[in-house]
Amino acid sequence: MKLGDVMGYARANLKRHKLRTFLTMGGVAVGIGALVTLLSLAIGLQDVATQNLKSEELVTRINVLSRSQRAKFMGRRSSGVAPEDTGPPLNDEAIASFNQIDGVLVAYPAAMANLTAEVAERVTNLQLEGIPTKALTESYQDALVSGSYWDAEVTGNVCVLPSGLVEDIGLDPEWVVGKEVLVSELRAFFKYKSEETEELGPDGKPERRLVRPTDLETETLHVLGVYDSDRFNRGGAVAHAPHETVTKLSKRFPFGFGGGPKEDDAEEGTYPVVVVKVGDVTKIEAINGEIKKLGFATITINDILQVIGIFFVVVKLILGFFGSIGLVVAIFGIANTMVMAVIERTREIGVLKALGARNRDVRRLFLAEACTIGFGGGLMGVGGGWLIGAVLNAAAAFFFKEQLGGESYAFFQLSSWLILGAIGIATFVAAVAGIYPAARAARLDPVESLRVE
Amino acid sequence: MALLELVDVRRSYRFGDAEVRALDGVSFEIESGSFVGVIGRSGSGKSTLLNILGGLDRPTSGHVKVEGAVLSTSSSDKLAAYRREVVGFVFQSFNLIPHLTSLENVALPLALQGVSKAERSERATKLLEKVGLAKRMGHKPTELSGGERQRVAIARALVNEPHLLLCDEPTGNLDSKTADEIMGMLTALNREGRTVILVTHDREQANRYSKRLLILADGKLEEDLRLDGPDAPAVAPPPSPTVNPGPAPAGEEPGA
């Protein structure tokens with residue numbers, strides 16, 4: 001008997017008992033629906049957790065550390081490095097060797113300054129990241145909301161602010177370009193005094209303003225532009241400035257790590273972290289390999305994505321386990337329906353055999369029926385799981401907008417492998433449930449079966 | 001040449017310690033093109049004999065040969081192939097598949113053979129026209145009368161062009177007028193050259209239509225009667241009224 005005919009016959013039989021078929025499919029649908037909902041949550045959460053890590057700026061960046069530093073950062077087990085094994089020193093000589101690797105845009109010691117900033121009578125804390133002019137790729141230029149980045153000519157005490165910060169302190173991104181930012185040490189934030197002014201605010205009380213202590217050491221930065229902080233890190237507050245400027249500021253207002261040589265550690269003239277900026281994303285693994293060959297440890301965004309990926313594999317396994325419980329129940333439902341069908345149709349099986357059906361034809365007919373139930377239930381379950389996810393996503397979006405005034409995330413996401421996998425699993429599981437009833441039908445003795453009323 | 005040949009066929013069943021001998025050493029040959037009636041009381045072994053001839057059951061001992069092939073020792077797949085290609089069954093209770101239309105029921109044996117849908121439909125249609133059910137093709141068995149159902153069943157039994165038509169009390173559930181129609185149809189098929197074996201407990205019916213009569217009792221072949229001399233040739237003339245008393249079947253193809 002041809003497969004198409006087997007399927008057609010199975011479908012016709014299922015249509016005969018619409019309610020029973022529907023109820024059995026419903027059992028599968030509940031199991032698959034739960035599985036799909038839970039796994040789409042895992043996919044959604046993983047996406048939410050990693051979407052900020054996939055910006056071009058992070059993807060084209062290799063952080064080079066001494067081997068012992070990496071062990072501290074990534075955990076001893078994953079690095080497999082003894083704390084004493086530091087490898088070669090991460091110094092200017094090392095940076096020069098990185099700069100010679102083909103495909104490297106620029107290698108530079110990571111520089112970050114944590115400061116207090118005053119702009120247009122507003123005081124905030126400010127993280128300033130030092131970026132060499134060479135490392136300002138197109139992705140930086142594309143992210144600009146207003147103004148421009150520095151270049152070889154325009155440099156020195158300049159900065160580009162993140163749009164998130166500018167909006168938080170209530171300034172217009174266009175207006176702020178060309179203004180001055182007064183930076184001072186991080187502790188200075190607490191030295192500003194709050195004072196009443198003569199002007200009255202809308203509530204009738206006098207407006208207050210912050211007054212800078214007169215003896216505060218400051219440095220002035222010119223705002224060149226504002227970049228879209230969502231492009232680099234959502235809601236981020238890291239401002240960009242030329243590498244030399246940040247190195248200088250971090251030495252003058254020490255807090256966090258500067259671009260200069262490490263002081264707390266024994267080895268003189270070494271850096272804790274060196275950033276290697278790669279021009280072409282596709283070359284990153286090759287370059288990463290070369291740096292490792294030189295004896296250094298590295299962290300790329302892929303390492304972090306990998307750790308997150310492992311974590312989410314565990315999450316998916318756990319959620320998948322709970323989601324599968326319903327499916328196990330559905331197996332019994334299908335097996336029950338199929339055993340009933342075999343008993344009910346004993347005579348029909350006898351007729352089929354009398355007409356020349358082989359045992360395997362009969363077995364296939366019943367397996368096809370079970371698989372069709374599984375397939376239909378799988379479709380229903382995927383549809384149901386999608387619906388639940390969509391409703392919860394909409395609810396989350398509503399909550400985020402109303403309560404938090406921000407954008408929501410898609411916490412439930414379906415992927416094509418999840419859809420196909422869920423339907424495939426439903427069909428497979430149904431086939432497993434159908435094995436015993438189908439074998440029982442195939443074994444029936446035709447003479448005995450034809451005697452059954 | 002003998003179409004089928006039985007040599008000392010025995011079939012016994014065990015019920016605990018008791019052994020029931022449904023067939024107890026039956027031997028005979030049947031020529032191609034004959035119309036053989038098998039009669040006997042219930043329990044005489046006639047159904048068991050029919051099941052063994054149809055490849056639904058195997059004898060406990062003895063040999064069954066059909067067209068030179070030994071059925072008694074064939075695998076279940078070989079027996080299924082034999083049922084698909086050589087035999088057509090007509091049952092007392094019709095045994096149509098209730099959820100299939102007449103056309104689908106008739107086409108079912110062809111589906112089991114793996115024949116394409118278009119050819120299946122064409123051949124089944126022709127047969128339903130032949131049995132006079134051209135207007136009933138889309139009807140399900142519950143929408144048909146008993147006689148119509150049996151005609152669908154006959155069409156189904158013929159669709160695989162069987163050499164051997166096995167009929168188990170085909171008129172047992174029908175009124176006498178319809179029964180005559182069905183018997184007329186079987187006679188006509190026999191005249192076309194098909195070998196017909198008719199199992200019945202109705203001695204009169206067997207006498208009227210058969211050319212040869214096998215009488216079973218207690219699992220043994222009690223009598224083997226030739227009703228019109230030696231078996232007729234493949235395409236036999238209509239049975240003569242002197243040999244087959246009683247009303248001859250009204251039309252060759254009722255309803256056509």
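**Notes on charges and rings**

1. At 32% relative accessibility, R10(B) counts as partly exposed, the classes being buried under 20% relative accessible area, exposed over 50% and partly exposed in between (1.4 Å probe, protein chains only). This is a predicted model, in which local features need pLDDT of at least 70 and side-chain atom pairs count only at pLDDT 80 or more, whereas totals for chains, interfaces and linings use all residues. Residues are numbered from 1 along each chain as its sequence is written, chains are lettered from A in the order in which they are written, and side-chain values use heavy atoms, with hydrogens and water left out.

2. R10(B) meets D24(B) in a salt bridge of 2.8 Å, N to O, the term requiring a side-chain nitrogen of Lys or Arg within 4 Å of a carboxyl oxygen of Asp or Glu. This pair links distant parts of the chain, from strand β1 (residues 2-15) to strand β2 (residues 18-31) of chain B, strands being DSSP runs of E with at least two residues and helices runs of H or I with at least four. D24(B) is buried, at 10% relative accessibility. Shared partners join D8(B), R10(B), E19(B), R21(B), D24(B) and K220(B) into one network of salt bridges.

3. R360(A) forms a salt bridge with D77(B), with the closest N and O atoms 2.5 Å apart. The pair crosses between chains, from helix α15 (residues 359-404) of chain A to helix α2 (residues 76-85) of chain B.

4. F399(A), F400(A), Y409(A) and F411(A) form one aromatic cluster, where rings of Phe, Tyr and Trp (its six-membered ring) pair if their centres lie within 6.5 Å. Both F89(B) and F91(B) are buried.

Note on methods: Rings of Phe, Tyr and Trp (its six-membered ring) pair if their centres lie within 6.5 Å; planes under 30 degrees apart count as stacked, over 60 as edge-to-face and the rest as tilted.
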